[in-house]
Amino acid sequence: MPRLTKIALGCGAITVCLLATWHVLARQAERTPAARSAAPPARSATVPRPPLSAALKALDAAVASATQAGISLSCAVVDVHGDAVALVRMDDAGFLTVSLAQGKALVAALFGRPSDLGPMAASPFFASVNASLQGRMVPAQGAVPIVRDGRVIGAVGCSGGAPAQDEAAAKAALAML
């Protein structure tokens, strides 16, 4: 028998043995109690946040406040981490107002107070936190935290009008939450 044939037969025999072993191991795994009752993977912890339905109602209130004031705003409702739950950009609101509203809301959510931080915004601490968040925080008037049971669960931020108008719209939204 030529040498190449012997090698081919040997490789075939090894392949058959490996497949048979794999089949046996797979069948045993199906029969183990752990395999039959394997729990689905755990979900990550829920992030505190206002529910979407409430956030949408709040944004409607902010839009109504802005319309009454004769201004066009963008407003954002964010969770406790500053991630968007819902946002709205009114007709004629400037394109930067969306990111500014989210940035103001991020500040209010993270610090648990209105977004106008005053002198604190110039501190090295604020600068380092903002740098770690890629400069997304906007420490300007126009956002308020959402507090439930003594705990911050998010914030509402608005941008596009004068600072007091932005905050008035954010407070109108907060009143609906």
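Which residues of α6 are buried? Keep that in mind as we walk through the model together.

Before you start, note that this is a predicted model, where local features need pLDDT of at least 70, side-chain atom pairs count only at pLDDT 80 or more, and totals for chains, interfaces and linings use all residues. Residues are numbered from 1 along each chain as its sequence is written, and side-chain values use heavy atoms, leaving out hydrogens and water.

**Select the protein chain.** You will find 6 helices and 4 strands (DSSP runs: H or I of at least four residues for helices, E of at least two for strands, numbered from the N terminus). From the N terminus, their order is α-α-α-β-β-α-α-β-β-α. Of the 177 residues, 32% count as buried (under 20% relative accessible area with a 1.4 Å probe; exposed means over 50%).

**Next, select residues 163-176.** This is helix α6, whose 14 residues should span 20 Å at 1.5 Å a residue; the end C-alpha atoms are 21 Å apart, which agrees (the expected span is 1.5 Å times one less than the number of residues).

**Now colour Asp166, Glu167, Ala169, Ala170 and Ala173.** These are the buried residues of α6, which settles the opening question. They lie on the same side of α6, because they cover an arc of only 160° around the axis (taken from the directions from the helix axis to the C-beta atoms).

**Turn to the other side.** Here Ala164 and Ala175 are exposed.

**Finally, show the cover.** The buried residues of α6 are covered by elements including α3 (52-69), α4 (97-111), β3 (143-148) and β4 (151-159).

Technical notes: Contact means heavy atoms within 4.5 Å.
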